[in-house]
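Student: I would like to go through this structure by question and answer. Please keep it brisk.

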Amino acid sequence: MKKMPNSLDSIKQKILDLKGQEVNLYINRGRRKISSYRARIENVYTSVFTVKSCPIESGAINTYSYNDILCGEVKISSD
């Protein structure tokens, strides 16, 4: 069975539902380099969202677009 692709609106809604929660991020950096880390979704904007890596006290803030999720470069898992 073929999986139906997500739309940007449904991706935005899922990210908005996860705002403030800690999630696992998997980032495909190309050439078989995949990094993963735990982060909290801080802010949700119209075209991007920001995450702060854990531990929160020393965490860096990164920005990703919804297209990154749509294309499969960023995957979010909430455990």
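Student: Where is the place of Ile15?
Tutor: This is a predicted model, where local features need pLDDT of at least 70, side-chain atom pairs count only at pLDDT 80 or more, and totals for chains, interfaces and linings use all residues. Residues are numbered from 1 along each chain as its sequence is written, and side-chain values use heavy atoms, with hydrogens and water left out. Helices (H or I, at least four residues) and strands (E, at least two) are DSSP runs, numbered from the N terminus. On that basis, the place of Ile15 is helix α1.

Student: Is Ile15 buried or exposed?
Tutor: Buried means under 20% relative accessible area, exposed over 50%, and partly exposed in between (1.4 Å probe, protein chains only). Ile15 has a relative accessible area of 3%, so Ile15 is buried.

Student: Is Ile76 buried or partly exposed?
Tutor: Ile76 sits in strand β5. Its relative accessible area is 25%, so Ile76 is partly exposed.

Student: Which elements give two or more residues to the lining of the largest pocket?
Tutor: A pocket is an open set of points on a 1 Å grid over the protein atoms alone, where a 1.4 Å probe fits, with protein on both sides within 12 Å along at least five of seven lines; lining residues have an atom within 4 Å of a point. The lining is Asn6, Ile11, Lys14, Ile15, Leu18, Ile69, Gly72, Val74, Lys75 and Ile76. The elements giving two or more of these are α1 and β5 (74-77).

Student: Which residues have the most contacts inside the largest nonpolar core?
Tutor: A nonpolar core is a set of buried Ala, Val, Leu, Ile, Met, Phe, Trp, Tyr and Cys residues joined through side-chain atoms within 4.5 Å. The largest has 14 residues, and those with the most contacts inside it are Leu25, Tyr37, Val51 and Tyr64.

Student: How many disulfides does the structure hold?
Tutor: A disulfide is a pair of cysteine sulfur atoms within 2.5 Å. Cys54 is partly exposed at 25% relative accessible area, and Cys71 is exposed at 59%. The number of disulfides held is zero.
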